[in-house]
Amino acid sequence: MLTGSSFCQMSAAILVLLLLAVIGVVQAEDPYRFFNWNVTYGDIFPLGVKQKGILINGQFPGPDLYSVTNDNLIINVHNSLDEPFLLSWNGVQQRRNSYEDGVYGTTCPIPPGKNFTYILQVKDQIGSFFYFPSLAFHKAAGGFGGIRILSRPRIPVPFPDPAGDFTVLIGDWFKTDHKKLKARLDGGHKLHFPDGILINGHGPNGASFTVEQGKTYRFRISNVGLQNTLNFRIQGHKMKLVEVEGTHTVQTIYESLDVHVGQSYSVLVTMDQAERNFYIVASTRFTHKILTTTATLHYSNSHKAVSGPVPGGPTYQIDWSLNQARSIRTNLSASGPRPNPQGSYHYGLINITRTIKLVSSAAQVNGKQRYAVNSVSFVPADTPLKLADYFKIGGVFRVGSISDNPTGKRMYLDTSVMGADFRAFVEIVFENRESIVQSWHIDGYAFWVVGMDGGLWTPESRNQYNLRDAVSRSTAQVYPRSWTAIYMALDNVGMWNVRSEFWARQYLGQQFYLRVYSPVESVRDEYPIPKNALLCGRAKGKSTRPL
């Protein structure tokens, strides 16, 4: 929700102007958008049972975050909960500014009763993303919302302006209170299967989207759930895929889309049916028990209720999903956030400087369930890693505490940080030797998904890579007993979270931090620590920087 008159917003504006006067972080011509958010608990009934949800300005889900490429977003977050809180921005790259990423490895939590002003710039980005609460198990209580970054007016978009633009947040949901879920995980136990699926915070038939016959609408679909891939479809209508996490895609028609947890898609849908109501459906994939929920697509002049059977979708067919994933490609001729075509960066011609192979695993450590990457199960330090790095506080973490390759060791606990050189061009292989679909996200970056297949990855697997028009995104799935390979240009200095989007696994250790380092301490490579940065742990009592 845009606001412009409160004292907190004025304070944030003054803060930004002072920052600009000193270091010129943001160019003067880039606009500002001010948001004032109050985070509270409130009663919600998404599956017909009263629950304590996390609301933003009284809303569940939270308000959409609207912006245009290069906008400066000044988001003043008041924490009115009874515990520390942070918001993170899934897919927003925080160029040169990992301090604002909103995960515990980079940002001190906002204490109860206090506020913190995020200062973000959506530099050179377009597309559909979402924000979410990153601490504890808050994501199971809400606090999430959509992010849309529109193209600047002078940059061509490869499709006509739609008649409307909808945010569609889908995800699995538990009726159990988030604190009880967290306590179960802390006790070393797995979570039970979710109780249902939500669409924009509602259970079956709760959400509705009103459209006019003959017009075309954009639906920005994000899976904000905790663990399950969802298949999304609209009864009687086809979907034209146009954008994936900031990349304009080849405009392929689909009857349904698999949206893995943490992923976002944009589709165009033309209202070309007789005037009545239709089902919008989301259902779980790759699960023995299939959960399904519906919303309503309401033609504005329709007086007929939605009718007929709920359209079915794919259930466990992995090859179907794999083939669909391979069909999603970059539109090379379309402009991205800049006027030059997306295909002008020839990633397939760049020499790889390093190959990193990441293998996930599950095991018991000290009698409790844990998850790991290359045998290391991440445990948070007492101080955000980025602050420890900035203030040169020893003993918080060790660069190289996770290997580039699986070691074969028994799982163990550590604050795992992998070092990487600024401007390197790396190949990362995610290998999944388990029987579930996994989903991986890397903060601060978009990467090219060059290949995926069943079995174990070998160097010969490179022969099947797509080195021409692979989609660039920030979250990629890895199918059961399969691998996914990505290329990534390390052009963003900072401390970046690499994590499983299966939220219980992330919470119990299936994550680490990638420290992209430049020996030149210059604002050209990385912004200084924000003046208003919260300081905690061993960084408490230190000073940020003078104005």
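1. A cavity here is a set of points, on a 1 Å grid over the protein atoms alone, where a 1.4 Å probe fits but cannot get out; its lining residues have an atom within 4 Å of a point. Points are joined across faces, edges and corners, and a volume is the space filled by probe spheres set on them. The structure holds four cavities of 30 Å³ or more.

2. Please bear in mind that this is a predicted model: local features need pLDDT of at least 70, side-chain atom pairs count only at pLDDT 80 or more, and totals for chains, interfaces and linings use all residues. Numbering starts from 1 along each chain as its sequence is written, and side-chain values use heavy atoms, without hydrogens and water.

3. The largest cavity has a volume of about 70 Å³. Its lining includes Tyr99, Cys108, Phe116 and Leu387.

4. Strand S9 (residues 164-173) gives the most to its lining, with five residues; strands are DSSP runs of E, at least two residues, numbered from the N terminus. Six nonpolar, two polar and two charged residues make up this lining, with Lys139 and Asp172 among them.

5. An open sheet of four strands runs in the order S3-S8-S7-S5, with mixed pairing; two strands pair if DSSP finds at least two bridges between them. S3 (65-68) and S5 (87-90) each have a single partner strand, so one side of each lacks a neighbour in the sheet. S3 pairs with S8 (residues 145-150) in the parallel sense over four bridges, and Tyr66 has Arg148 in S8 as its bridge partner.

Key. 1 Å grid on protein atoms, 1.4 Å probe; cavity = no way out; pocket = protein on both sides within 12 Å on 5 of 7 lines; lining within 4 Å. Nonpolar A, V, L, I, M, F, W, Y, C, P; charged D, E, K, R; others polar.
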